[in-house]
Amino acid sequence: PQAHAVILMTAVAACRLAGDAAGARRWADALRERHPDAAVQDYFTTLPFTDPGARRILGDALVAAGLPRASRRP
């Protein structure tokens, strides 16, 4: 159910990790426009990485791009 949001979040993280801040901003803007409540926790709920290093790297990249760690939904 979160596939489109997760694809956009993957693009955000990939751009951040590649040093493409402008690309990350573009993808993050598209994500916020289409999925304003998206959060890092949603990413890991859909893609439950078990490696703590991968979770830290990806989560930190998403947060650096402006995504909240936890959902703001009630």
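This is a predicted model: local features need pLDDT of at least 70, side-chain atom pairs count only at pLDDT 80 or more; totals for chains, interfaces and linings use all residues.
Let me begin with the largest nonpolar core of this protein, which has 18 residues; Met 9, Leu 31, Tyr 43, Leu 62 and Leu 67 touch the most other members. By a nonpolar core I mean a set of buried Ala, Val, Leu, Ile, Met, Phe, Trp, Tyr and Cys residues joined through side-chain atoms within 4.5 Å. Buried means under 20% relative accessible area, exposed means over 50%, and partly exposed lies in between, with a 1.4 Å probe and protein chains only. The elements that give two or more residues to this core are α1 (3-17), α2 (21-34), α3 (40-46) and α4 (52-64). Of these, α1 gives the most, with six residues. In soluble globular proteins, nonpolar side chains tend to be buried together.

Residues are numbered from 1 along each chain as its sequence is written, and side-chain values use heavy atoms, with hydrogens and water left out.

I turn now to the overall fold. The protein chain has four helices and zero strands, in the order α-α-α-α from the N terminus. Helices (H or I, at least four residues) and strands (E, at least two) are DSSP runs, numbered from the N terminus. The radius of gyration is 11 Å, close to the 11 Å that the globule rule gives for 74 residues, so the chain is as compact as a globular protein of that length. This radius is taken over C-alpha atoms, and the rule is 2.2 Å times the number of residues to the power 0.38. Buried residues make up 36% of the 74 residues.

Which residues does Leu 31 contact, leaving aside its neighbours within four places in sequence? They are Ala 5, Leu 8, Met 9, Pro 36, Ala 38 and Leu 67. Contact here means heavy atoms within 4.5 Å. Across the protein chain, residues 24 or more positions apart account for 63% of the contacts with a separation of 6 or more.

Finally, I come to His 35, which lies in the loop between α2 and α3. His 35 has a relative accessible area of 25%, so this residue is classed as partly exposed. Not counting residues up to four places away in sequence, His 35 touches His 4, Ala 5 and Leu 8. The C-alpha atoms of His 35 and Arg 55 are separated by 21 Å.
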